[in-house]
Amino acid sequence: TSKNLLSQVRSTMTSKIRKMKEILDDLLSRNMKDLTDIEHVLMNEYQDEVHKMNEHLAQLQELLEEFEKKGQKMETPDLMSIHKRIQKLKEIPSLKLHHDHPSFQEGSGEMDIETLEALFGKLTIPNALKNSIQKIHPKKPKLASRIQKIKALHVPDIDRCRHISCMKSKKTWVGDELGNLVEIDPKGNEIQKIKTHHYKQQPTGFHAVTLEDELLFIDQFDDTISKLTSGKKKKVVVKFREWTPISICVSHASGDLLVGMVDDSQQKAKVVRYDAAGKELTQYEFHENSTKRLYSRPHYLAENVNGDIVVSDWEKQVVVAVGFTGNHRFDYDAEGGHPPGTIFEPSGICTDVLGNILVCDNNDHLDDSVHMLDQDGRFLCLILRLQSSTLERRIRALGMDDSCNLWIGDVDTNEIRVYKYLE
């Protein structure tokens, strides 16, 4: 059977590599023993030479002390005796060892996969199986030479798009600045619409979807995060007191909720991690070992593939990144992606499978654009720039679907445009 054949292949490979390991271990052991013996011989020789030198120094010291003791009272016979002894000690013994040191002569063969495979053997995989394996472990995409718009969807029942949440089912939730949430199909047709309330803070990144494609949304009427269950029923997940939630995202790795919020005095801001049931896990509020605050207004947030939480802080005019444990990773202020002296106004933010960070820049005096950063906050490029002379120019919302396509929401036209930038 296939299972027995695979077991036999595993057994053969394991036996061969163990044999090679035994040979290499034996070779290393013999060489190490030889080096230990050589070290013993050389150290004995060195100690002998050191002993000879110490004896010579002792005789010189003795002669010097005798000379200083007798001084000017020394008679001619004494001087002659000392002179003879000096002549005998005139030749200083050397510390020259009697053997050359060993050296290690490396083999002529290269230490690479091909050489080792020639000795060990190579696993041959039929092409048909290779194709099946690639489906299990697909290759990561790379940045395309140019960005391509693949479709545009008009969503009439929203007013100034603010946020986009893409689902595995190919459906999408779109939120506007009035708190409306509209679910659309892949062609842009409306499936359902719900209303949320935002009295304290303007709607920004106020919704997300769970790993099971369930909608999570913020409602400031009662300062809650709720889940829209089957049958359009609202189930409260987290209830807030003295704090107002303004942004939310769901970890693709753990399913945890990451929530950006401000306190009722509007003076404090933080990000809090909750598990899927709404239990608080971690707070991200200050730089480590400091009272310096990380955020002013965490309007949009996302989790990167390395576990970093990246926050678009419009008021602070930076993108702030912290690690999973809360260590401050970087602040991005558009250096390299912005003309000097101009203001960076970040809004919608998302990440991709390569760990790149994409963030909208909405400076009123410049063309709206999307900055791409690497996971360490270094500017890579402007992946998209919308000329102010065109209708497609004001963007706030970003989303990323499972096919690594970038979704962008236009503020003025209520159009959702989808771009392909990886291949």
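I began with Asp-256, which counts as buried at 10% relative accessibility (buried is under 20% relative accessible area, exposed over 50%, partly exposed in between, with a 1.4 Å probe and protein chains only). The model is a predicted one, where local features need pLDDT of at least 70, side-chain atom pairs count only at pLDDT 80 or more, and totals for chains, interfaces and linings use all residues. Residues are numbered from 1 along each chain as its sequence is written, and side-chain values use heavy atoms, with hydrogens and water left out.

Next, the partner. Asp-256 forms a salt bridge with Arg-273 at 3.2 Å, N to O (a salt bridge is a side-chain nitrogen of Lys or Arg within 4 Å of a carboxyl oxygen of Asp or Glu). Arg-273 sits in strand 12 (residues 269–274) and Asp-256 in the loop between strand 10 (243–250) and strand 11 (257–263), so the pair ties together parts that are 17 residues apart in sequence. Helices (H or I, at least four residues) and strands (E, at least two) are DSSP runs, numbered from the N terminus. Arg-273 also counts as buried, at 1% relative accessibility.

I then turned to Arg-329, whose salt bridge with Asp-376 has its closest N and O atoms 2.7 Å apart. Arg-329 lies in strand 17 (residues 328–332) and Asp-376 in the loop between strand 20 (368–373) and strand 21 (379–386), so this pair links parts 47 residues apart in sequence. Salt bridges with shared partners join Asp-308, Arg-329, Asp-374, Asp-376 and Arg-378 into one network.

One more pair: Glu-177 and Arg-162 meet in a salt bridge of 2.9 Å, N to O. Glu-177 is in the loop between strand 3 (172–176) and strand 4 (180–184), and Arg-162 is in strand 2 (residues 161–166), so the bridge ties together parts 15 residues apart in sequence. Arg-162 counts as buried at 5% relative accessibility. I noted 21 salt bridges by this rule.

Helix 3 (residues 113–120) was my next stop: of its 8 residues the number buried is 0, so helix 3 lies largely in the open. Just after helix 3, Gly-121 takes a positive phi of about 115 degrees.

Last, the whole protein. I found 4 helices and 24 strands. Along its principal axes the C-alpha trace spans about 125 × 75 × 45 Å.
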